[in-house]
Amino acid sequence: MTAPTVDQAITRVHHEEWARVVAGLARRFGDLDVAEEATAEAFVAAAERWPREGVPPNPGGWLATTATRKAIDRLRRESQRDAIHQAARIVYDDTPPEPTGPVEDDRLRLVFTCCHPALAMEARLALTLRLLGGLTVPEIARAFLVQETTMARRITRAKAKIKAAHIPYRVPSADDIRERLAGVLAVVYLVFNEGYLASEGDDPVRVDLTDEAIRLGRLLRTLLPDDGEVAGLLALMLLTDARRPARVSRTGELVTLDEQDRGAWDRTLIAEGNALVRERIEAVAAGGDPPGRYQLQAAINAVHTDAPSARGTDWSTIVALYGRMVLLDPSPIVRLNRAVAVAEVDGPGVGLAEIDRLAEVLDGYHAFHAARADLLRRLGRGGESRAAYDRAIGLAGNPAERLYLTRRRDQLAG
Amino acid sequence: MSAVPRYLLSVYGPAERTEFGTYPSQEAMLQAFADTGAFNVRLQRDGHFVFADGLEPATTATTVDGQGAKPAFTDGPCLETKEYLGGFWVIEAADLDVALALAAEGSKACHGTVEVRPFRTEESVRALLEP
């Protein structure tokens, strides 16, 4: 084994320390702009100096110190224009970083500020990726297929609202934390899904986003180790991502679960995801809170990743788990997923009848038509199946999915 | 260090008012008045209250432009919209979470949706003057 290069060290430290440095500065100086810029400057300094001087023994500490100095320098420069005002800001909160329990972690405050419900969802996504994930503005712009200037403006506007409207830098009170945490998890899962099945653009899977979402999931797990839904979301992402190597064929076509090469699945991720699912099952059995939607979805995915083949899958358990999800969230998309599982247990006719009840609400959703097309095909109703594939192809935004649907349509007899 | 943030909580309602104001019935109107009164008392008790009141219908508004040689008066509100400001609170709250929680209570009390908007602060005005 060779020692990591300086570049690798910087990348690793970036992943591990970026959010911590930003969060610490944000608390100390009470200003996200200052925190973000000073942190970015500290990483630039590291990239310049570490190759020459070597990686310091405590890289995180080096970055925090350097970033703090950069922030103070910047505030001093500003304070020459406005002495009293900026002096007040420098003493905003001078307590040293707290090396205490998870609730005190500055990064958790930053999570709740970035995902505040008073911000538009697209602003929450962008802020989370920038301030917690450490992605650059051009990277985030690319990930969401918007112009850099648009993304920069979105982030600037969100930070300006946080400041002007006094969005707090604080972990919500016990009364609110459950609901607010659900909002945070939704942001992370959206990042993951946008990466895993990109709805736009030419890349079927955007690994930068899935990796980042998993990193954020791990961070939340570190900060809130006892929360079931945090564990559930991380497990769900791991078990889903484990199947990524088998998900797109060499010709760039989406490969559905039943046709995937299960030998290509990432067993390390599956083991980690399964361990989390087991932990939650034991916690619930021991009298913990009943599982929420992420834990249920993780459990469904664990059933899939445990199965030797699509045929050998425990579909009854999957139907039962979807049944519990419908109770929590009777949305048409959850009911669609349940109906697909029902078709495996009770036959395509029964599944199709359930799906057709959702026709009105899901008519604009490609997966609805794709599911119908498959069941109609299995029922030997080729003409209707072809029409459903046509609708699905027309609505699908992902290129790999369009290729897959087109092949299935063209394989229909007649 | 700095003063407690202030927020404007605005309540918008339809342009057309009935004999019960923006409410469907007299009972609903009286209930909303009572609930809003109780909410105002709570705002005062907890030190949030700065000012609050309800407005006459937008049809009673006069728009004034004093920028010319002679002031111009126009009957009606400044902007033609479907909904008009019907009343508002000015409150003090430690941060947006507190303001949003109070706005939710106020919304329930007055039976309307509430827009929460921060006032400028000394700091933000200064930032405006010294870019």
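## A strand pair in chain B

In this predicted model, strand S3 (residues 62-65) of chain B and strand S4 (residues 72-75) of chain B run antiparallel and are joined by 4 bridges. The link from S3(B) to S4(B) is a hairpin of 6 residues, and across the pair Asp65(B) stands opposite Ala72(B), a residue of S4(B).

## Surroundings of Thr62(B)

Thr62(B) belongs to strand S3 of chain B, and, once its neighbours within four places in sequence are left aside, Thr62(B) is in contact with Phe73(B), Thr74(B) and Asp75(B). Thr62(B) counts as exposed because it has 10 C-beta neighbours inside 10 Å, where the cut-off for exposed is 12 or fewer.

Leu100(B) lies 38 residues from Thr62(B) along the chain, and the C-alpha atoms of the two residues are separated by 32 Å.

## Two packed helices in chain A

In chain A, helix H13 (residues 293-306) packs against helix H14 (residues 315-328) at an angle of about 165°, their axes being 10 Å apart. Since angles over 145 degrees count as roughly antiparallel, H13(A) and H14(A) are therefore roughly antiparallel to each other, and their crossing is left-handed.

On the side of H13(A), the contact is made by Arg293(A), Leu296(A), Ala299(A), Ile300(A) and Val303(A), while H14(A) contributes Thr317(A), Ile318(A), Leu321(A), Tyr322(A), Arg324(A), Met325(A) and Leu328(A). Sorted by class, this contact of H13(A) with H14(A) comprises 9 nonpolar, 1 polar and 2 charged residues.

Technical notes. Residues numbered from 1 in each chain as written. Chains lettered and ligands numbered in written order. Predicted model: local features only at pLDDT ≥ 70, side-chain atom pairs only at ≥ 80, totals over all residues. Pairing = 2+ DSSP bridges. Buried ≥ 20, exposed ≤ 12 C-beta atoms within 10 Å, placed from the backbone. Contact = placed C-beta atoms within 7 Å. Axes fitted to C-alpha atoms, helices over the stretch in contact; angles between N-to-C directions. Parallel < 35°, antiparallel > 145°, perpendicular 65-115°, else oblique. Left-handed = near helix turned anticlockwise from the far one by under 90°. Nonpolar A, V, L, I, M, F, W, Y, C, P; charged D, E, K, R; others polar.
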